[in-house]
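Thanks for asking me to look this one over. Here are my notes, as numbered points, to read alongside the structure.

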Amino acid sequence: LGQDSKPAWRAAFDGAYEAHKGRLLTLGMAITGDRSCAEDVVHDVFTTLLKETWRLGNASDLLPFLVVSVRNGALDLLRRRSRRQAREIEHTERLASSAADPPRLSAQAEEMERVLQQVSRLPEELKETLSLRTWGGRTFEEIAEIQQVTKSTAHARFNQALDQLRRGLAEENRP
Amino acid sequence: MNMREMNPSDLEEYLARVRITPSAELDASVRNAADEAEKMGEEALTEPDATLSAINRAFPQSGAKPRGLPRVQNLMRTIGGKSALAAGLAGLVVCGVLIWLRFHSATGDFATMSAFSLFRQACAAEESLFAREGITSIFNEIIIKPRTGIFSSLPASLPMNSLGTSGKFVFDMLSFPAKPGEPCTVEDRSWRDQATGRFVRVMTIGGKAIYANAFDGSAIYRLQPDAAGVMKIAEKPVAEGFHVPESPAELLGITAGFAGKVNESAEKYISDAGPAVLPDGSAARVVKVTLADVPTISAMPEPIREMFSDSYSLYTIRKSDNTVGQLEFVMKGQSLIMLRRMATRTVEVPGVPWNLSGVAVLPPQPSEAPPAPPEAPQKGAKEEFEKMSVSDLRRQAVAAAKSLFAGEGVLSLASETVVEPVKDAILAKGRYMNMRSLGASGKPEPATLALPAKPGEQYALESHIWYDRKTGRFARVVTIGGETIFANAYDGSAVYAIEPDAQGVMRVVGRPVAPSFQPLKDPADFLGVTGSLDEDRFEKSYSDAGPSALPDGSPARVVKLSTPEMPGMSMLREVMGNSPYKLFTIRKSDFACVQIENVMKGERALVTRLKTAETVAAPGVPWNLGGVKVRIALPTTGEQQLAGPILMGPSASVQQMSAVSDYKTYLFAADPPWTTERRIMALRDPTSALSWMFVTAYRAKDGRHVVLVQAAMYNKMFEQLMATMAGPQGEGLKKNLKEIYASPSGFKVWSMMKGTGMGAMILTAARDWLNAEPLSDSAGYLVQTPAGTFPALAVNGSLTDDELHALIDSLVPAKEYLKKPSAPAAAGSRESSAPSP
């Protein structure tokens, strides 16, 4: 009954959040390298969506909108904060988080976060290409449009990103 | 996982599986925000594109008209003058664009928020300027940029919403006295009292007003031409029921047109144009609003789409307060006008009295000034004739023509126009001359003298003009085979013209002149003896076509006027070809323009030759046209089979409409009960292979004038629009263009959002004859007939449902209408008795 009494937009909103939150958070984290920053970005994007709930009526346009919004929000966050500030914030928040929420992440989740942090260290254009392709679900054509480059450049950047990421992760795992 | 051993495709696969699970805090935070929004009743949005009623909700009672879109109308009007074609096109465009533009509010971070959200915030910020207590003072600078290329021959102008006495906006077209190649700066100052709604807006150049509109609490003041055409501040008390506009920004703001809310679909046309710095050093972002790809426009035929290519507005939005600091209009890639917000503040008293007292008015600029006294061609100039520049040659010819009308006695001018044999069938069928008839009000009324012929066919018209230099009386008759096909005269107390009677029989009709009537100020211009040789705005389009010799051996020179490339020219190419031009032959001995040759599609289409210019004792016909033999041949079998000229207008007959139209035409079986007089105006529609466009106007006692426009172009465009609506791209249209009535006889009526200017633009087609200003929120409807045509209907005001239904129910095909009255007279001619005015 409670569900039924919700306005249509609310049901659509809840559905959209559940469907896309993981992908968007992963995208945000891949760009910022910082979980809390990524959560801030995702929160802001969905708060904006609450003011523009008409977007919920067009399912095919919704995900691209959310992806580009998270990408823009994440990049802007990076630009506004120096990496040092970001690290300080991360450190502070981690301490607070640890204090408030002692249970540790699973090993698998930890590994995923570590990979994403490695992604976030890639040069910006490579990181963005990889993220939009992998977690944003964008085609190379769409990425090329977003980045104002040719499709082949977007494709090359993706391969380069994978290569650098692989080497970075290998380096990290080197005993 | 061993990353070292992972190949790129494995890594890609692995990454795709990577998902971070949001923290409980994020889930809770988003859920809370959604709960809050739900409590606050965020409804949006479930009907994002909603209906026309949603638009009315977005523009509640304000009579608001989109300002950005009238700029499009402006272009259309510029192209087509005051023709119904231009008006109709513009109306259509306004309607279409409006369907896609609507606002809501939004918030977000300045640097990251979408251009769409930022633009909406800017509109809201503009509105809030006027919500301050006290008197809001706004100072803008308007920079008219030098116009080049296709715009050098077009006037710089801006459509304005002025406040009328009813409290509704009236449409004003403000022309700036700016020469094409030179910039011009206008100061635009407004003051508005939030408590009382009083306001004053004045635009000045060098301290002299070129535009003014004010409300002092009891009367409306506007700078407008008086009966003699002199710009003066006119005062009119407000009408009963007057209310101040609910959206002051719509009247005085820089974002006028967007004072309500913008449709989400507009996001596609609102884009980020990057960061910027305003002249005062403040950070800003530029938002681009482009109309070229609006679906309704892209559904239109190519010539119309072409006019909007590379045309947009740039809004520079200040970071500190989200207000618009600068607005730039770009048409076809050329920046034409820039508005700069110089200051906004709250003041104790307005800088200009609420009643505009003491405001000095800018006198007419040279190009608009009354014509200088005619000068005879200068002595000594003859020696320079061969070397004279085209510009000087042209001016000498115009001066020579004007000088004919000075002095004493009766001037007699006789000329011949030859409809030349041409091969091209469209050209042969479609040639026509634009005529002007002096109306009883002193305003010229347009008429079209169609000159259809079969390919290879030729005929000639004789034209005579008599002008009494002392009294201003004149008579003009155009004849073929001794029968008059066009006539216009003024005998000192009445004007005369050939019009059809109720049976469609052409006869001379006289009308006493109105008290404000004034004799011709520039008879040479009105009677058209120099053609378009005196168009200074086309200065760059004139060129030297070399020396020539007249049949009698006397020397002459030829000046060529190429058609300037203007927006929309491609519309005319089917008819005129790629490079139509005119050749003016100027005689050396007296600088008389003795021949005008029109060349289209590489063929000589029309040639007019001056035969005699002399002073006579008396006119060849009475000043009241008594006794002229009027040609009354009626077209009865379709235009293709017609031979010889047809006069269409100033008032066309139902018989003519029925006979010459290549689509089924309609009119009301009985005139709307609140109207007193009907006039059918017929125009050539160059966008539809010179089909005819009909504007049927009904003058009303209560101001609710009715106009029905029918055109092949409308039929084509609205048919496409309907097809778009039926397709996958038509969702937005479907929700906004609502069928509101289906008549028993098979007519459907589609509403055209009130307040969008659509109705006003349709009414503009008949503005001069109606002698009324179209209200911005006039009702506009699209009618779908059983024959599949799409007349556009407008009422200068509003209709009740019953009135609308009665109107639609009374629509009948013109051919059926003709069965009711007595049958039209057969072809022939009759002699006019002296008509009593």
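**Notes on the model**

1. Let me start with the buried residues of H10(B): they are Val390(B), Ser391(B), Leu393(B), Arg394(B), Gln396(B), Ala397(B), Val398(B), Ala399(B), Ala400(B), Ala401(B) and Lys402(B). Buried here means under 20% relative accessible area, with exposed over 50% and partly exposed in between (1.4 Å probe, protein chains only). Helices (H or I, at least four residues) and strands (E, at least two) are DSSP runs, numbered from the N terminus.

2. A word on the ground rules: this is a predicted model, in which local features need pLDDT of at least 70 and side-chain atom pairs count only at pLDDT 80 or more, while totals for chains, interfaces and linings use all residues. Residues are numbered from 1 along each chain as its sequence is written, chains are lettered from A and ligands numbered from 1 in the order in which they are written, and side-chain values use heavy atoms, leaving out hydrogens and water.

3. Back to H10(B), which is mostly covered, with 11 of its 15 residues buried. Its cover includes helix H12 (523-526) and strands E22 (542-549), E23 (555-562) and E24 (581-587) of chain B; contact means heavy atoms within 4.5 Å. The length of this helix, residues 390-404, checks out: at 1.5 Å a residue it should span 21 Å, and its end C-alpha atoms are 21 Å apart. The expected span is 1.5 Å times one less than the number of residues.

4. Chain B as a whole has 20 helices and 38 strands. Of its 837 residues, 58% count as buried. Among its contacts between residues at least 6 apart in sequence, 67% join residues at least 24 apart.

5. Is Ile465(B) buried or exposed? Ile465(B) is buried, with a relative accessible area of 5%, and lies in strand E17 (residues 459-468) of chain B. Not counting residues up to four places away in sequence, Ile465(B) touches Leu411(B), Ser412(B), Leu413(B), Ala475(B), Arg476(B), Leu527(B) and Val529(B). Its C-alpha atom is separated by 9.5 Å from that of Ala489(B), 24 residues apart along the chain.

6. In chain A, have a look at helix H6 (residues 124-134) and helix H7 (residues 140-147), which pack at an angle of about 140° with their axes 10 Å apart. The contact is made by Glu125(A), Glu128(A), Thr129(A), Leu132(A) and Arg133(A) of H6(A) and by Phe140(A), Ile143(A), Ile146(A) and Gln147(A) of H7(A).

Notes. Axes fitted to C-alpha atoms, helices over the stretch in contact; angles between N-to-C directions.
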